[in-house]
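Here are some friendly notes to read alongside the structure. Take them one point at a time, and look back at the picture as you go.

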Amino acid sequence: MVGEVIHKQPPTMLSVMHLFQTFLHIVQVTLSFLLMLIFMTYNTWLCLAVVLGAALGYFLFGWKKSVIVDVTEHCH
């Protein structure tokens, strides 16, 4: 309906979505640290695999820019 106002409750700290986002953040940080440790072995082939994997990931998933700016995102 036109002009209908929908009142939604704001998300709480213990909401399912917030817990899921927290879990995804933990996974992201853990993988980042593991990739850093792999790179710090200074093994040429492992370093090359990390760099090429990051480049391929950006090529496949980073081609479409989001129009929504999230000021809480720290990975930019």
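Predicted model: local features only at pLDDT ≥ 70, side-chain atom pairs only at ≥ 80, totals over all residues.

1. Is leucine 24 buried, exposed or partly exposed? Its relative accessibility is 42%, so leucine 24 counts as partly exposed; that class lies between the cut-offs of 20% and 50%.

2. Together with residues including Phe20, Phe23, Val27 and Leu31, it makes a nonpolar surface patch of about 1300 Å². Tyr42 is another member of this patch.

3. Now have a look at tyrosine 42, which is found in the loop between H1 and helix H2 (44–61). Its phi is positive, about 60°, although this residue is not a glycine. Tyrosine 42 counts as exposed because its relative accessible area is 65%, and the cut-off for that class is over 50%.

4. Stepping back to the whole protein chain, you will find two helices and zero strands. Of its 76 residues, 5% count as buried. The chain exposes about 7700 Å², and 75% of that comes from carbon and sulfur atoms.

5. In the model, residues 20–38 are 100% helix and 0% strand, with their end C-alpha atoms 27 Å apart. Residues 45–63 are 89% helix and 0% strand, and there the end C-alpha atoms lie 26 Å apart.

Methods
Residues numbered from 1 in each chain as written. Heavy atoms only, no water. Patch = residues over 30% accessible without salt bridge, like charges linked within 9 Å, V, L, I, M, F, W, Y side chains within 5 Å. Areas by Shrake-Rupley, 256 points an atom, 1.4 Å probe, with all protein chains shown as cover. Salt bridge = Lys/Arg side-chain N within 4 Å of Asp/Glu carboxyl O. Buried < 20%, exposed > 50% of the residue type's maximum accessible area, 1.4 Å probe, protein only. Helix = DSSP H or I, 4+ residues; strand = E, 2+ residues; numbered from the N terminus.
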